[in-house]
Amino acid sequence: MEMGTPGMTLMERAGAGAWRVIRRYLRGRPSARVVVLAGRGNNGGDGLVVARLAHAEGYPVATLLLGRPGDLRGDAAEACRRAREAGVEIVPLDPDGGTPAEILDLHLEQADLVVDALLGTGGRGAPRGGFAEAIQAVNRWRERRRERQHTGQPPGWGVVAALDLPSGLDPDTGRAAGAVIAADFTVTFGALKTGLLMGPALRFTGAVHLIDIGLPAEAFPEPDAFLVTPALVRSDLPPADPDAHKGSRGRVLVAAGSRGMSGAAILAARGALRGGAGLVFAAVPAGERPVVASAVPEALTIPLPEDEAGRPGPGAAEAILAWSPAPDAVVLGPGLGRSPAVTAAVLELMGRCPAPMVVDADGLNALAGSDGEPDAPAGAARGTQAAAPWPGPRVLTPHPGEAARLLGTTTGAVQQDRPAAARELARRWGAVAVLKGARTLVAEPSGRLWIIPTGSPALATGGTGDVLAGLIGALLAGGMAAPAAARTGAFLHGWAGQRLARRWGTHGALAGDVPAAVARARALLARGGAREAADRRMLESCGIILEDAGDLGD
Ligand SMILES: NC(=O)c1ccc[n+]([C@@H]2O[C@H](COP(=O)([O-])OP(=O)(O)OC[C@H]3O[C@@H](n4cnc5c(N)ncnc54)[C@H](OP(=O)(O)O)[C@@H]3O)[C@@H](O)[C@H]2O)c1
């Protein structure tokens, strides 16, 4: 019983909701054979409800149960009894791994659609014994079907549906501790689990459908991670001001670029301008000034003292701090290069400049103590000394490699548990942390986490991060608080990437295309009128489908 609703009712609702979604995938295949793989817990129970409903509609169904029917308890046992009574074929398999792989393959070979109901939120660690073998068998089956589809051999069609979450996936981190089901889609119940929304989980979950099973919000633990929705972004963006002038939109100072990397300054400045800044000042090493000024004539340029390699040299921080008028936000880091003088300038600016600041790329390298000198102290050690309290809000925008340097760990470790890495960055550095990558995360020092649904592989190219830094800078300069600016910037940037992918595909869009696409995405988002259906469609384009509550069907 959960909050007054009997557990069996919830299980029936979950199974019925899942079946409604699965049936859509089976459209046009009335005799598709459904094979349900069920575990011994409630996830298995949900699968047995699906098996019964599919059977009731005339689909040929078999359930492979990892255990004996007598192993099931409570609601799962009741779901099993109902399925058996309805005439569903139930095949018990050895949960300890005693079932030969050929037997598993043989059963699966008959399938057209496989329902994964082995492990749900109760799964702990790497799947053991027969569970791992069953998962591997399903993944092999899916691969075989794909291969046949590509070579035109029947039967080529074959789809895997995961219930609640792909078995083996950690519900909190999206981490794969061992074998994990690679699903074509996932039907999840009651609430989106954080792990389902993590970038590394995307290749296991497919599209995620959320089913309302009528659980009240109080039934869930107080959430500490939130999906950034189009509605939230719209409400965070400042309304259009009919009285606006360039002075009222915010001044962004972009401290970026060095010899050979003036493009980073150009892209960050364009990101800030297309992000809505009223005025952008590009503070660049003096030698880069002509090229930056001619590439971005809308920006004013500030010459910085430079070293012999064309990087900002001693005195650069003072030149920026002394600049008048004082900026409303600073973007620090893209393309600065690495040197002890750059590191000193970054630390000085972070420690003395009261304006909100975005720190990116070489700014982050400097912060991590990685200044290109062989005897530089380890990043994590130096970082802790340099950290907060800062004189103004700070937003750090690392990709996983930079995050690893800031945390003194490896990129692999960051990707294994992105929520933990993002939170630790925010806590350790006293800043809002934007951990970039598929499904960018925004963490606040309090531990609150924001998940950005938008994004596209089209953005996996040099320079797009510089645009994001400029964009967040513009939003900060426009008066947004650091967490809102970070999540809004990341959301718009990701959506711009999706829109570019529609035009150019996932390969070939330029970072230089992103600023205008961001402005367009913002304009579309800010449009008035009835937004609910459009917002839903937008989330769908990110692979997150909020199913209609519909009839709970009790
Ligand atoms: N709570 C609700 O209101 C609600 C509503 C709708 C649906 N559900 C469903 O219920 C599910 C949760 O059910 P549940 O708590 O019974 O857990 P479960 O996800 O069904 O898994 C529990 C079972 O898995 C086994 N197990 C755990 N880790 C394993 C591993 N690494 N390898 C092999 N076996 C492992 C457990 O055996 P041992 O005990 O021996 O480890 C236990 O038999 C949800 O995911 C959802 O599908 C819940």
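## Helix α5

Let us start at the end of a helix: just after α5, Gly152 has a positive phi of about 75 degrees. Helices here are DSSP runs of H or I with at least four residues, strands are runs of E with at least two, and both are numbered from the N terminus. This is a predicted model, in which local features need pLDDT of at least 70, side-chain atom pairs count only at pLDDT 80 or more, and totals for chains, interfaces and linings use all residues. Residues are numbered from 1 along each chain as its sequence is written, and side-chain values use heavy atoms, with hydrogens and water left out.

Helix α5 covers residues 129–151, and its 23 residues should span 33 Å at 1.5 Å a residue, which agrees with the 33 Å between its end C-alpha atoms. The expected span is 1.5 Å times one less than the number of residues.

## Two domains

The domain assignment, an automatic or database one, gives domain 1 (7–221) and domain 2 (230–238 + 245–541). Their C-alpha centres lie 41 Å apart. Across the two, 10 residues of domain 1 are in contact (heavy atoms within 4.5 Å) with nine residues of domain 2.

## The largest cavity

On a 1 Å grid over the protein atoms alone, a cavity is a set of points where a 1.4 Å probe fits but cannot get out, while a pocket is an open set with protein on both sides within 12 Å along at least five of seven lines; lining residues have an atom within 4 Å of a point. Points are joined across faces, edges and corners, and a volume is the space filled by probe spheres set on them.

There are two cavities of 30 Å³ or more, and the largest holds about 70 Å³. Its lining includes Ala255, Leu304, Pro312 and Leu332. The elements giving two or more residues to this lining are α10 (316–321) and α11 (340–352), and α11 gives the most, with four. By class, the lining has 11 nonpolar, no polar and no charged residues.

## The second largest pocket

The second largest pocket has a volume of about 570 Å³. Of its 27 lining residues, Gly437, Ala438, Thr440, Ser456 and Leu459 are the closest to its centre.

Methods: Nonpolar A, V, L, I, M, F, W, Y, C, P; charged D, E, K, R; others polar.
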